[in-house]
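Dear colleague,

I am passing the structure below on to you, together with some notes on what turned up when I went through it. Please read them with the coordinates open beside you.

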Amino acid sequence: MSSSDSKNSRKDFVWKYVIEVSGEQYLRCKFCNQRCAGGVNRLKHHLAGTHHGMKPCPKVSEDVRLECKDALANFKDQKTKRNELLQEIGMGPTSMHESALSKTIGALGSGSGSGSGEPIPRGPMDKFTTSQPHQSTLNSRWKQEERKEVCRKIGRFMYSKGLPFNTVNDPYWIPMMDAVANFGLGFKPLSMHELRTWILREDVNDLSIIMEDHKRAWKQYGCSIMSDGWTDGKSRCLINFLVNSPAGTWFTKSIDASDTIKNGELMFKYLDDVVEEIGEENVVQAITDNASNYVNAGMRLMEKRRRLWWTPCAAHCIDLMLEDIGKVIVHDTTLARARQVVKFIYGHTWVLSLMRTFTKNHELLRPAITRFATSFLTLQSLYKQKQALIAMFSSEKWCSRKWAKKVEGVKARSIVLFDPNFWPHVAFCIKTTVPLVSVLREVDSEERLAMGYIYELMDSAKEKIAFNCGGMERKYGSIWRKIDARWTPQLHRPLHAAGYYLNPQLRYGDKFSNVDEVRKGLFECMDRMLDYQERLKADIQLDSFDQAMGEFGSRIAIDSRTLRSPTSWWMRFGGSTPELQKFAIRVLSLTCSASGCERNWSTFESEIDLDDKWIAEKEDPLLPLDLCWLQDDELFTVDAIRVVSSASQQTQASSDHMISSHSYKRKHNEAPSTSGGKGKEKEFNLTPIDEDEDLHEMGIHDSGHFPTFDTLDEDDDALGEEDLN
């Protein structure tokens with residue numbers, strides 16, 4: 001924000017809704033602490049909920065929202081009137097380019113201009129005359145037409161090669177266009193031979209320079225080796241090896257293992273070779289999927305390399321959790337019925353067209369990262385369109401067509417309209433799986449490092465599932481058992497506990513649990529990753545961190561716990577404890593997922609499946625720089641789950657069976673709870689998954705950005721024990 005903008009806008013009423021943090025160059029919303037990279041006008045859009053430049057504030061009061069909305073409307077009216085006046089006297093937006101060009105011509109001409117920079121007074125007749133050469137206007141219009149022609153030729157090339165539209169968002173697009181434009185007339189296009197020879201060689205040399213930056217990051221922060229296999233368009237079995245650090249993910253090599261048996265011994269050899277190439281002193285962990293050969297290779301690697309860890313891919317393990325939950329009878333039956341409805345609709349063109357008419361072109365299918373996440377997100381989309389589907393199957397258009405009398409159509413209609421258990425069971429499936437899908441999205445994101453958060457994320461997801469089930473153990477108990485069956489023996493590792501302990505935002509939080517499991521994980525990591533002298537010093541320095549002594553307890557350190565990333569916080573305030581600082585940075589700089597290996601790295605493969613690019617579409621950053629996202633009132637909000645008031649939920653929970661599982665909170669050594677989760681209900685306000693849905697035309701849109709649905713009102717009490725097995 002410029003100083004002039006600051007001075008000119010200080011009188012604006014919106015400044016009283018701003019939090020200014022010392023040292024920051026941007027504003028923060030007083031209500032939700034959201035960062036605003038623009039000026040006060042953008043903050044007004046944030047508070048008014050206009051979806052212009054920023055997402056709406058979820059916590060702003062109604063009077064402030066209306067005040068900002070009126071201010072924006074008045075500003076727009078004044079701007080419109082001003083432009084009309086300027087256009088009337090010949091100084092409007094349509095002539096701005098001509099004015100700028102005229103000033104340039106005047107400066108280069110005979111020097112007849114005043115040179116004072118003051119605008120020349122003009123009257124109503126000046127729009128019919130001009131004191132500047134006519135060439136400026138003709139040149140401007142000719143340039144506009146010429147640009148259109150150039151853009152059409154570029155577009156024709158992209159359409160011809162089937163390039164996606166977001167190609168123009170590539171960071172190298174603008175520099176390429178600028179270079180061609182700067183060369184000027186007579187540029188000779190590059191040939192295929194040049195692309196595959198000297199241009200490629202020079203780009204490889206440039207990458208070598210970039211690689212040196214990555215190597216420095218590996219040495220400073222430590223790194224993770226990621227490995228996974230995939231099959232390309234020629235049916236070759238390739239194994240990718242990548243290195244991840246805060247500097248980014250670096251592709252190391254790909255091995256063609258088509259003619260080998262990929263057992264534990266072979267995978268160990270491959271991983272060990274990569275560790276040797278990167279440098280054992282730089283590698284903190286190796287991440288693979290949870291297949292038996294990789295588990296065997298990981299154990300062998302840890303036996304040989306005493307300083308590093310093997311950890312399973314968190315995204316893969318959570319996907320297996322969703323697969324296991326999908327085998328519960330109520331989930332399996334509901335998914336089968338929903339699949340039958342969706343398959344019928346998408347398998348017949350006329351029915352699909354009719355469906356899109358009723359749903360306002362909203363789709364039922366929601367492709368996601370994994371197959372099982374896709375299934376449950378499709379259930380979510382199905383529930384969003386519940387009223388639209390009921391209206392479609394009840395309409396005269398449906399009844400008058402032949403598909404209404406076909407066996408498949410009769411079955412689909414019967415499920416949607418007359419099955420008393422279908423919609424309540426859909427709601428139950430959403431409530432018990434979407435929190436896990438949210439965690440999957442978080443750990444699969446390549447935008448932020450999640451090692452410091454996965455422990456808390458998994459625990460919060462379980463609590464949210466219990467809360468969604470009204471605290472009734474008979475409903476959520478089987479789901480928890482499925483999660484624990486994967487988390488405890490497979491996914492959970494000491495690095496996760498150490499990341500939880502060393503994360504300043506969580507460590508100094510009121511809900512931090514300093515229990516044996518967490519401390520044991522921390523100490524195991526310290527024993528393995530540090531030599532004895534470093535271990536001894538770090539153990540002594542840990543007291544300063546625990547008690548927030550010295551620089552850890554300074555005001556700026558306390559205030560920036562939620563503003564800086566954990567790694568940045570330790571780099572800034574851990575200087576007085578160098579051994580502990582180095583250890584914490586190496587732990588908190590780790591990723592939890594090997595999803596980067598699953599991307600299609602065969603750039604020059606002609607048989608690339610374009611559908612993959614659509615499924616793995618770019619998401620908004622899931623772990624923003626502003627770390628307030630982890631607060632319970634900002635996490636796991638799902639638009640398919642209505643957040644009820646605390647009073648109503650307490651009433652409901654008190655009449656139901658209360659949470660009594662011994663594993664109510666994994667990281668707490670607590671007695672069985674009898675609170676029904678009411679300690680959490682005020683804090684959970686979950687984050688939506690589908691951010692591109694807008695159902696206000698259906699009349700069920702709340703004051704925020706995302707639609708809200710009353711799945712908690714669905715009567716799923718009829719679920720029997722056999723359904724939950």
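**The sheet**

Strands β7 and β8 pair in the parallel sense, with 4 bridges between them, and within this pairing threonine 288 has proline 312 in β8 as its bridge partner. Please keep in mind throughout that this is a predicted model.

The two strands belong to an open sheet of 5 strands, whose order is β6-β5-β4-β7-β8 and whose pairing is mixed. Its edges are formed by β6 (248-256) and β8 (309-312), each of which pairs on one side only, and the twist from one strand to the next averages 25°.

Strand β7 (residues 283-288) is mostly covered, with 6 of its 6 residues buried. Strand β4 (residues 223-231), in turn, is joined to β5 (residues 237-245) by 8 bridges, and these two strands run antiparallel; in that pairing threonine 231 stands opposite cysteine 237 of β5.

**The cores**

The largest nonpolar core comprises 108 residues, and those with the most contacts inside it are Ile345, Leu502, Phe545, Trp570 and Phe583. Helix α18 (residues 422-444) gives the most to this core, contributing 13 residues. Apart from it lies another core, of 23 residues, which include Val243, Ala257, Leu266 and Met267. As general background, nonpolar side chains in soluble globular proteins tend to be buried together.

**Helix α24 and its surroundings**

Helix α24 (residues 532-546) has 15 residues and reaches 21 Å from its first C-alpha to its last, which is close to the 21 Å expected at 1.5 Å a residue. At its N-terminal end the helix is capped by aspartate 531, a side-chain oxygen of which lies 3.3 Å from the backbone nitrogen of glutamine 533, while just after the helix alanine 548 takes a positive phi of about 55°.

The buried residues of α24 are Arg535, Ala538, Gln541, Leu542 and Phe545, and they pack against α21 (494-502), α22 (504-507), α23 (516-529), α26 (566-573) and α27 (578-588). Leaving aside residues up to four places away in sequence, phenylalanine 545 touches Tyr501, Leu502, Arg507, Tyr508, Phe552, Trp569, Trp570 and Leu580.

With best wishes

Methods:
Residues numbered from 1 in each chain as written. Predicted model: local features only at pLDDT ≥ 70, side-chain atom pairs only at ≥ 80, totals over all residues. Heavy atoms only, no water. Core = buried A, V, L, I, M, F, W, Y, C linked by side-chain atoms within 4.5 Å. Buried < 20%, exposed > 50% of the residue type's maximum accessible area, 1.4 Å probe, protein only. Contact = heavy atoms within 4.5 Å. Expected span 1.5 Å × (residues − 1). Polar contact = N/O pair within 3.5 Å; in protein donor to acceptor, adjacent residues only side chain to side chain. Pairing = 2+ DSSP bridges. Axes fitted to C-alpha atoms, helices over the stretch in contact; angles between N-to-C directions.
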